[in-house]
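Open the model in your viewer and keep the selection tool ready. The tour goes from the whole chain down to single residues.

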Amino acid sequence: MPPLMIFAAGLGTRMRPLTNDRPKPLVQVAGRSLLDRALDLGRDAGAAPIVVNTHYLGAQIERHLEGQDVAISPEPGLILDTGGGLRQALPLLGRGPVMTLNPDVVWTGPNVLSALAAGWDDRMDALLALVPLDRATGRQGAGDFSLEGGRLTRQGDYVYAGAQMIRPDRLADVPDRAFSLNRLWDLMIADGRAYGMVHPGGWCDVGYPAAIPLAEALLDG
């Protein structure tokens with residue numbers, strides 16, 4: 001099973017005031033932190049190693065993970081965004097394709113990471129988990145992508161669901177220290193090597209306080 005990077009370094013500005021004294025990944029939904037829910041997905045899928053990056057109130061996350069089978073990639077100065085954060089963590093993740101997961105999401109249905117690993121093949125530089133906009137609970141805003149024969153194009157009625165499998169090779173080509181993985185996606189889309197996979201279960205964006213009861217209702221079924 002591929003390694004997994006969980007992005008836990010964000011500032012959590014949309015989740016204020018809950019993030020005034022804790023990082024967003026430690027906010028709880030139905031009595032369990034978002035980070036622990038993400039770790040559950042990774043462990044259930046057999047991902048190894050699992051790496052978590054930290055920045056905002058990172059010491060709290062490090063204490064939370066103490067003694068667990070998780071490596072930490074701290075970003076104590078400049079927050080590196082998803083692309084820079086993944087590149088910094090590569091020595092912990094190893095070579096080859098990696099999975100990434102945003103913890104501020106709640107899922108129901110089949111394990112999305114297992115599905116990504118099963119759906120991956122050599123045609124792909126990236127395989128993104130998607131949900132249709134009309135099933136994207138808690139989503140604020142428009143969709144991100146369209147699907148044409150499994151390949152991604154920009155704009156459309158599919159939302160990036162916060163989980164993917166990606167080849168990290170082209171991270172070395174970006175000169176900036178801090179940058180988004182959107183930079184890589186654009187290159188991969190241009191080459192016809194970015195693909196999408198629709199998650200068949202439930203999904204909720206838990207990026208802001210009012211989404212917490214929506215996520216809990218989704219989990220209650």
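The radius of gyration is taken over C-alpha atoms, and the globule rule is 2.2 Å times the number of residues to the power 0.38. For 221 residues that rule puts a compact globule near 17 Å; the protein has 16 Å, which agrees. This is a predicted model: local features need pLDDT of at least 70, side-chain atom pairs count only at pLDDT 80 or more, and totals for chains, interfaces and linings use all residues. Residues are numbered from 1 along each chain as its sequence is written, and side-chain values use heavy atoms, with hydrogens and water left out.

**Stop 1: the whole protein**

Show the C-alpha trace. Along its principal axes it spans about 45 × 40 × 30 Å. Switch to cartoon: there are 6 helices and 13 strands. These are DSSP runs, numbered from the N terminus (helices H or I, at least four residues; strands E, at least two). Buried residues make up 49% of the 221; buried means under 20% relative accessible area, with a 1.4 Å probe and protein chains only. Take the contacts (heavy atoms within 4.5 Å) between residues at least 6 apart in sequence: 71% join residues at least 24 apart.

**Stop 2: two helices**

Select α1 (residues 34–45) and α4 (residues 112–119). Their axes come within 8 Å and cross at roughly 45 degrees. That makes α1 oblique to α4. Axes are lines fitted to C-alpha atoms over the stretch in contact, and angles run from 0 to 180 degrees between N-to-C directions. Under 35 degrees counts as roughly parallel, over 145 as roughly antiparallel, 65 to 115 as roughly perpendicular, and the rest as oblique.

Which residues meet here? Leu41, Gly42 and Ala45 in α1 meet Val112, Leu113 and Ser114 in α4. They divide into 4 nonpolar, 2 polar and no charged. Ala, Val, Leu, Ile, Met, Phe, Trp, Tyr, Cys and Pro count as nonpolar, Asp, Glu, Lys and Arg as charged, and the others, Gly among them, as polar.

**Stop 3: the cores**

A nonpolar core is a set of buried Ala, Val, Leu, Ile, Met, Phe, Trp, Tyr and Cys residues joined through side-chain atoms within 4.5 Å. The largest has 35 residues; Ile6, Leu101, Trp107, Val112 and Leu113 touch the most other members. α1 gives the most to this core, with 5 residues. A second, separate core of 23 residues includes Phe7, Leu93, Phe145 and Ala194.

Now select Trp107. Beyond four places in sequence, its contacts include Leu41, His199 and Trp203.

**Stop 4: a loop residue**

Finish at Thr19, in the loop between β1 (4–6) and β2 (28–29). Is Thr19 buried or exposed? Thr19 is buried, with a relative accessible area of 0%. Not counting residues up to four places away, Thr19 touches Leu11, Gly12, Lys24, Val27, Tyr56 and Leu57.

Terms used. Buried < 20%, exposed > 50% of the residue type's maximum accessible area, 1.4 Å probe, protein only.
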